[in-house]
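Subject: The structure I promised you

Hi,

Here is the structure we talked about, for you to open and click through. Have a look at it first, then read my notes below.

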Amino acid sequence: MKKLLNIFALTISVAFAQDAASVASVQFSGEGLSDLETKTLYNYFMGELEKASDGPLLAQETVDQSVSSLELTTTDCFKKDCLFAAQDATSSNVFLAGTLKFSKSKYRVKLYKVDSTKPGKSKSYRIRYKGDTDGFITELEILAWKVMGKEVPSRLNDKRKPNQETMFEQIAENPWAQRGAVLAVAGLGASSYLKNTAGAAESQKKIDSLPAYDTGGIQAHTDSRDGAKSTATMSLVLAAASLAYGYFTGVFTE
């Protein structure tokens with residue numbers, strides 16, 4: 001009987017431990033930062049994530065080993081399938097992965113989250129910050145609380161520093177602004193294509209209506225038709241190139 005009770009207690013403790021360690025995060029990849037800088041910044045994030053989480057986090061070494069052979073780490077794949085595969089490998093309820101970038105005096109973070117309570121869905125968070133490192137660290141710490149859906153402590157809000165990005169920079173890097181720009185260029189290209197295609201057709205009609213001896217008129221309309229066709233082709237290429245740029249750079253999926 002005592003043996004059975006011990007086994008039952010062990011089973012309960014293991015189950016509780018697995019449930020408690022339900023949040024896992026793989027170390028963020030870095031760009032424009034040294035490995036030490038990336039690791040240091042990530043550790044600040046993890047320190048706050050531990051405070052914001054209801055239970056202890058899955059050990060970092062365990063997470064890294066579990067996902068080491070997955071596309072998430074081998075090819076920096078942050079698509080939903082790659083995130084779900086990593087979540088399954090770590091047996092976590094909440095799985096986090098992300099990137100840290102630094103260029104032109106600006107810090108950038110893209111964080112991805114999958115949650116077992118929301119199957120088939122992933123959520124992303126962004127930080128764009130221009131300023132000193134301390135200010136960026138505070139933003140990372142605040143992000144940890146937001147990711148866990150918790151109220152940000154006043155101790156973090158009180159020490160928050162203003163983002164030195166200009167309004168133009170913020171608009172230029174806003175995903176919706178980027179989408180708008182891409183669609184606007186594509187729309188202009190498509191409009192120009194339709195207009196010039198119609199113009200070429202109209203010139204052809206005039207050519208067909210002119211007598212054969214009116215070589216001057218025929219030549220003028222021929223030049224107009226060919227010019228309109230050429231412009232229409234370039235406009236179509238512009239529209240297609242704009243949409244292709246948006247697709248391959250992830251503008252429409254951000």
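To start with, which side chain meets that of Glu139 in a salt bridge? The partner is Arg160, at 2.8 Å from N to O. A salt bridge here is a side-chain nitrogen of Lys or Arg within 4 Å of a carboxyl oxygen of Asp or Glu. The pair links distant parts of the chain, with Glu139 in helix H6 and Arg160 in the loop between H7 and helix H8 (167-172), 21 residues apart.

Before the rest, some ground rules. This is a predicted model, so local features need pLDDT of at least 70 and side-chain atom pairs count only at pLDDT 80 or more, while totals for chains, interfaces and linings use all residues. Residues are numbered from 1 along each chain as its sequence is written, and side-chain values use heavy atoms, with hydrogens and water left out.

More on salt bridges

The whole structure has seven salt bridges. Glu139 is buried at 9% relative accessibility, whereas Arg160 is partly exposed at 38%. For these words, buried means under 20% relative accessible area, exposed over 50%, and partly exposed in between (1.4 Å probe, protein chains only).

Glu141 makes a salt bridge too, with the side chain of Lys159 (3.3 Å, N to O). Glu141 sits in helix H6 and Lys159 in the loop between H7 and H8, so this pair ties together parts that are 18 residues apart in sequence. Glu141 is buried at 7% relative accessibility, and Lys159 is partly exposed at 41%. Another group to look for is Glu48, Lys51 and Arg155, which salt bridges with shared partners join into one network.

In general, an α-helix has 3.6 residues a turn, so residues three or four places apart point the same way.

Helix H6

Now go back to H6, which covers residues 133-147. Helices (H or I, at least four residues) and strands (E, at least two) are DSSP runs, numbered from the N terminus. The expected span of a helix is 1.5 Å times one less than its number of residues. For the 15 residues of H6 that gives 21 Å, and its end C-alpha atoms are 21 Å apart, which agrees.

Why call H6 largely enclosed by the rest of the structure? Because 12 of its 15 residues are buried. Among them are Gly135, Phe136, Leu140, Trp145 and Val147. The cover over the buried residues of H6 includes helix H2 (35-52), strand S3 (94-103), strand S4 (106-115), strand S5 (122-130) and helix H7 (154-158), where contact means heavy atoms within 4.5 Å. After H6 comes Gly149, whose phi is positive, near 70°.

Aromatic rings

There are six aromatic pairs to find. Rings of Phe, Tyr and Trp (its six-membered ring) pair if their centres lie within 6.5 Å; planes under 30 degrees apart count as stacked, over 60 as edge-to-face and the rest as tilted. One of the pairs is Phe28 with Phe45, tilted, at 5.2 Å centre to centre and 50° between the planes. Phe28 is in the loop between strand S1 (23-25) and strand S2 (29-31), and Phe45 is in helix H2, so the pair links distant parts of the chain, 17 residues apart. Both of these residues are buried.

Phe102 and Tyr107 form a tilted pair as well, because their ring centres are 4.6 Å apart and their planes are at 45°. Phe102 is partly exposed at 31%, but Tyr107 is buried at 7%. Ring pairs link Phe102, Tyr107, Tyr129 and Phe136 into a cluster.

The disulfide

Finally, how many disulfides are there? Just one by the rule used, which asks for a pair of cysteine sulfur atoms within 2.5 Å. Cys77 and Cys82 form it, with their sulfur atoms 2.0 Å apart. The link is right-handed, with 80° about the S-S bond. Cys77 is buried at 12% relative accessible area, and Cys82 is buried at 8%.

Cheers
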